[in-house]
Amino acid sequence: MKLLIVDDSLIVRNAIERNVRHPEITEIFQADNGVTALQLYHHHSPELVTMDLTMPHIDGLTCLQEMQNSSHSSSMLVISALNGHRTAMEAVARGACGFLVKPFTPTELIEALHDLVEHARAKGSCHDA
Amino acid sequence: MSLYKNVKIMSTSAVIPLEVLPSAEIPIRNGTEVAIDSPRTETQAHHAILADLPGYSTIFNVDTTGEELGRLFAQYPDLPGAILFDENGFRGVISQSHFYKCISRTFGREIYYRRPASVMLNEMTVPPLILPFDCPIQTAVEQCLARPLNFIYEPFLIYEPESGEYNLCSLQILLLASSRLASLRNRQMEQILNSVTDGLLVIDRDFRIGGEYSKVVEALFERTDLRNLSLPEVLLPILDPVTHEQLHEYLRILFDPKLIDRLIKSINPAKQISVRFSSSDLGQERIKHFTLNFERIRTGKEISQVLVRIEDITQRINLARELEQQEAVAEKKLQLIMQILQVEPKVLNRFISCFNEGLSTLEHLLGAPDDSRDPRETIHALFRSAHTLKSEASFLRLTAYERALHRLEDQLEKLRVLPRLETGDLALLQPSLEALQRLGGQIHQALEQLKQFDAPAKPSAQAPSSPVTSREAGPMEMLAQVIAEISERLGKPALFHTSVRDDDLPEKYREVLHEVLIHLARNALVHGIEPADERKARGKNPTGLIQLELKMHPECHEIIFQDDGGGLNYDKIRRRAEQLGRNLSSEEELRQIIFEPGFSTSEQVTELAGRGVGLDAIHHALQMAGGRIFLHSEEGAYCAFQILLPLGLTSSAS
C-alpha cells in the first residue's frame, strides 16, 4: 500500500513517517501543502492518506473534498489540532474516516495507522467482491 | 434385555430447574437424580449446552417387537421415544408419536405388534436429528425448528462421542429450557441495568432510546418517560444549542460504518457537557456535568445500534475547579513571595512599616471618626496616605498592593464627588480597608514562610533592624529605577539625567525628598512627557528627558526637577477649575491650583496617576518639612518644579 502524508510541518511529517511500521505500507510520499498533495495523489493513487487541516495554499478540508471527488478513493485520516468540533465533523463529512488529534503519542499514531490500513484493506476486499 | 434398565436421565448436573422436566416418574438408572440446588451458578446458565438437559437413553434392539415398545410407552407416556441399535450400532429412533401414528392405522396393531421395531423405523422418511452434546441450547432450538414441518415435533438425539452414548430429548424440554434461559437472561439484564451506577442506554439509527436502559439514566435526566424518545429530544431542553447541534451531527457520524471506531472518539463533542435543570420550587437552575461515551454495535457491515454510557461528573468537575482555585491562591502567594524576594530588604522594611502605619491611620480615621472634623478633610487625608502607599507599592512592583490601594482610591473618589458627605458614609470604605488588612496578613505570612527558608539577607516585618548584607539601592538609583519602570509601563521612552549623588542629598530631607521625587517622576511621565510619535510631530527628540539638579545656597537647598514634556496646559487647567466652580485668570493662580487637594486634569485615572493627589501630597509633605515648591512651565516645552528647603533646623509648617 502507498501512503501520502500531508502536513505543512516537516517535524510532523517525519514523525508520521518514522512511526509507519506496517509491513503493508511499502511506499511513502510527503506533501507540505495542498497543491503538492493533490498532484501526488493523482499521480500515485495512494490507498492511505493522512491530512493536516491548516495548510498554506489549499486547506485540508478542500484537499479532502478534491480527493474524495476523484475517481480513485483512499482511506483518509485527518491528523490535526482539534480547533473545533465543527471542523472535525466537516472533515468526516468530506470523506475522512477518522480523526487523530494533535498532539499525539507515538502509540496513538501507530494504532491509528494500523486502523487505517485495516480500513483500506476492508475497502479493497469490498471492491474486489 | 430388560426394558427398564435402559431408561435413565442423562444429566446429573443440570442447571435447568426441575420444573421444566416432564412430570412423569421415570425409573432412573443408578438412582441418580436431577439436582435442584445445582452447584452451577446462574451465570453458567447463559452458556448452557445440550449436556445440561435431561435426556433418556432408552436403547432397544431393532428386533424388539412393536408390542414391547407399546408396553413401554403405555407405562411412561412422557418418554420421547426409543433408540434402536443392531449389531452394527445405531439404527434410528422411534418416537412415541410415530409409534402411535403407526399402530393407529387400520390393522396397525396387527401389522406392527408382532413384527420387529425396524419395520416402523423404515416408515421414517427423514433420519433423526443428531446434535453434539456441547451444542448450545439456542443453536439446538434453531436446528430443531429448521426441520421439515411434519417432523418438527420429533425428539432429537444428543451424541456424546467419547462414550459413544446417545440420549433422546424431546422438543418440549428443549423449548422449556430455552425459554427459561431467556427469562433468566432478561432478569439478569434487568438486575444489571438496575444496579450499574453508569447510565447505559442503546440508541437506534433514528437515535431513539431502546426499551432497556439502566435505572440511573432516569435519575440522570430526571425523567422517567425516556422510552422511544430520541436522545437529541431528551437533551434539547437541557443542553446549549451549539453543543446540541454538534452532538446531533456526531450521532449521525457514529452510524456511518465507513468510519474507524477508535478514530472518531477524539471528536466526541460530549466528552464533557454541562446540562441545566430548572428546580421547580425556586425557579433556580442547577448545572450538572455529564460525560457521554459511545460504542458502536455492528451487525454485519452496518452500525445497527450505539451503546451510550452517561456518567455524572459534576463532583469531579467541581472538585477540579476548587483545586484550581486553591492553586491560584497558592500561586498568588508565591508571586508575592517572589516579588518580596526581588525587593531590597531595607526598602521592603520601609514599605512594610509605612504600610502598617498607613493602615492604622486609615483604621483610625475610619474607626473613630471625629465628629468635629469635616469628613471631607478625612477623605483628603485618607487619599494622601493611600496615594503615598500606592506609589511605594508601584515602585516595589508589589502589584497586589498597588491594585488594592487603587481600589481604595476609587471608593474615596466616589465619596469625594458626593454633594453631601456624612461621617457615616465613611463606613463604605470598610470593605477596601479589610482587603488591605488581608494583604497585610498575607505579606506577614509570606515573610514567615521566607524565614523558614533561612534566607539570611531577608528581614522580617517584626525585625526591621535585622542585619542587611546585600547592597541597597540609594534614593537616586531608586528614582532612576522608578523612571525606567514607569516609562516602560507607559510605553513612553524617557531618559533620566542627573549629576546628583545620594550623598549630595541633605540628610534630614532625604526621606521627604525620596517621596517627593518619586511623585514628581510619576507625574512627569504620566502628564508631562508626550508619547514618542507626538514628540516627533512636535519636532522633539522622541525620547523624553527628565533632569534633576541640586544647588546649595547660603540659606537653603534648591532642587530642580524638570521634564521636557508638554508643560502645563493652562487652558485645560482653566476649564477644569471652572468645572470645579473656580474662576481663575492669571497663570500664577492656575499654577497654584494644581497643588490643591483633588485637582487633576487627567481624563483617565490609571494606577499610575491621574487622581490629582500626587501634587497635593508633595505640597503637603514639603510644607511639613518647612519647604516650598514652585512651578515653572512653558506650554509644549517643559515643566520644572523648584523645591526650596531651609538649611537650618526644620521649622514647623507655616
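Predicted model: local features only at pLDDT ≥ 70, side-chain atom pairs only at ≥ 80, totals over all residues.
Let's start with the meeting place itself. On one side, 18 residues of chain A are in contact with 17 residues of chain B. Between them, the two chains bury about 1,500 Å², and 63% of that is on carbon and sulfur atoms. In chain A, the residues that lose the most area to chain B are His85(A), Met89(A) and Asp115(A), which together make up 36% of what that side buries. As background, the size of an interface is often given as the accessible area lost when the parts come together.

Polar pairings turn up here too. Across the interface, the rule finds 6 residue pairs in polar contact, with both residues at pLDDT 80 or more. Looking at which elements of chain A give two or more residues to the side touching chain B, we get helix H4 (85–93), strand E5 (98–102) and helix H5 (106–128). H5(A) supplies the largest share of that side, with 6 residues. Sorted by class, the side of chain A that touches chain B has 12 nonpolar, 3 polar and 3 charged residues.

Now for the charged pairs. Side chains of opposite charge can pair when their charged atoms come close. The structure holds 32 salt bridges over all chains, and 2 of them are found across the interface of chain A and chain B. In one salt bridge, the side chain of Arg262(B) meets that of Glu111(A) at 3.1 Å, N to O. Arg262(B) sits in the loop between helix H10 (241–254) and strand E8 (273–278) of chain B, while Glu111(A) belongs to helix H5 of chain A, so this pair crosses between chains. Glu111(A) is partly exposed as well, since its relative accessible area is 33%.

Asp261(B) lies in the loop between H10 and E8 of chain B and Arg296(B) in strand E9 (residues 285–299), so the pair ties together parts that are 35 residues apart in sequence. With a relative accessible area of 32%, Asp261(B) is partly exposed, whereas Arg296(B), at 11%, is buried.Further along chain B, the side chains of Glu530(B) and Arg535(B) meet in a salt bridge at 2.9 Å, N to O, and both residues are buried. Salt bridges that share partners join Glu530(B), Glu534(B), Arg535(B), Arg538(B), Lys540(B) and Asp564(B) into one network.

Two other spots round out the picture. Helix H14 (residues 399–416) of chain B has 18 residues and reaches 25 Å from its first C-alpha to its last, close to the 26 Å expected. Its buried residues include Tyr401(B), Leu405(B), His406(B) and Leu412(B). In chain A, His22(A) lies in the loop between helix H1 (10–19) and strand E2 (27–31). His22(A) counts as buried because its relative accessibility is 14%. Leaving aside residues up to four places away in sequence, His22(A) touches His114(A), Val117(A) and Arg121(A).

How values were computed:
Residues numbered from 1 in each chain as written. Chains lettered and ligands numbered in written order. Heavy atoms only, no water. Contact = heavy atoms within 4.5 Å. Buried area = accessible area lost by both parts, 1.4 Å probe. Salt bridge = Lys/Arg side-chain N within 4 Å of Asp/Glu carboxyl O. Polar contact = N/O pair within 3.5 Å; in protein donor to acceptor, adjacent residues only side chain to side chain. Helix = DSSP H or I, 4+ residues; strand = E, 2+ residues; numbered from the N terminus. Nonpolar A, V, L, I, M, F, W, Y, C, P; charged D, E, K, R; others polar. Expected span 1.5 Å × (residues − 1). Buried < 20%, exposed > 50% of the residue type's maximum accessible area, 1.4 Å probe, protein only.
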